[in-house]
Amino acid sequence: MEQASPMIQDFFRNNGTSAVSVAAAGGFVGLLSLFNMAGRFVWSSTSDVIGRKQIYVVYLGVGLVLYLLLALVGQSATALFVLLACVILSFYGGGFATAPAYLRDLFGMFEVGAIHGRLLTAWSAAGVAGPLIVNAFLDAQGEPGSLTASAYRPALFTMVGVLAVGLVANLLIRPVPQRFHEPASGRDEVADGQPVTAERSGS
């Protein structure tokens, strides 16, 4: 989002002049925000149908392909660039909205708030590190807003690699066994259809 406006202008720059105006680039940033918000509803709702792990395969696997296409052919047409970027941002919003439900599937309700807090801490760290990495690539090429599409490819290819690692990690992850989904002292046994705590069953 930070580089979206200069990025779309740079992708369609020829002989120092961009085919995308400053006003159009600002509209593009607003469109990305709308897709980010819409993705929170659309993709998180889709996860209720296909499953949380499967939707993260979409976020990461399809996202990987979209970043690759953005790097390789994004400069071929403005409409294609906008479409690819909007879907990518919708995945970002969807991933954020789906995370709590995915954590509940993996860990149950016990301490899910604390687990979610740790995930948000990692998410925030990535939110700091990601722009630093992207900006480092761009600073080596020049000043955003005066570059061309090729200057963005190292950063985009890096994102492809990061998404590939995330995809493999998502495929390897397994839910915590059901017996750990609540504290041991709170587990109930069932006798004659009625819950009986450990203390009562032993008395």
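**Notebook: helix packing and confidence**

I began with helix α4 (residues 78-107) and helix α5 (residues 112-141), whose axes come within 10 Å and cross at roughly 145°. This is a predicted model, in which local features need pLDDT of at least 70 and side-chain atom pairs count only at pLDDT 80 or more, while totals for chains, interfaces and linings use all residues. Residues are numbered from 1 along each chain as its sequence is written, and side-chain values use heavy atoms, with hydrogens and water left out.

I took helices as DSSP runs of H or I with at least four residues, numbered from the N terminus. Axes are lines fitted to C-alpha atoms, for helices over the stretch in contact, with angles from 0 to 180 degrees between N-to-C directions.

**Entry: α4 and α5**

I noted the crossing of α4 and α5 as right-handed (the near helix is turned clockwise from the far one by less than a right angle). I then listed the contact (heavy atoms within 4.5 Å): Y92, G95, F96, A99, P100, L103, R104 and F107 of α4 meet V112, I115, H116, L119, L120 and W123 of α5. I sorted these residues into 11 nonpolar, two polar and one charged. Here Ala, Val, Leu, Ile, Met, Phe, Trp, Tyr, Cys and Pro count as nonpolar, Asp, Glu, Lys and Arg as charged, and the others, Gly among them, as polar.

**Entry: α2 and α3**

I next looked up α2 and helix α3 (residues 52-73), which pack at an angle of about 130° with their axes 7 Å apart. The crossing of α2 past α3 is right-handed. From α2, I found W43, S44, T46, S47, D48 and I50 in the contact, and from α3, R52, Q54, I55 and Y59. This contact holds four nonpolar, four polar and two charged residues.

**Entry: S47**

I located S47 in helix α2 (residues 22-50). S47 counts as buried because its relative accessibility is 2% (buried means under 20% relative accessible area, with a 1.4 Å probe and protein chains only). Leaving out residues up to four places away in sequence, I found S47 touching R52, I55 and T98.

**Entry: confidence**

I checked pLDDT, the predictor's confidence in each residue, from 0 to 100. The chain has a mean of 86, and 90% of its residues reach 70 or more. Among the elements, α3 has the highest mean (96) and helix α7 (residues 198-202) the lowest (42). Over residues 195-203 the pLDDT is below 50, and this stretch has 10 contacts beyond near neighbours in sequence. Where pLDDT is low, the predicted coordinates should not be read in detail.

How values were computed:
Helices (H or I, at least four residues) and strands (E, at least two) are DSSP runs, numbered from the N terminus. Buried means under 20% relative accessible area, exposed over 50%, partly exposed in between (1.4 Å probe, protein chains only).
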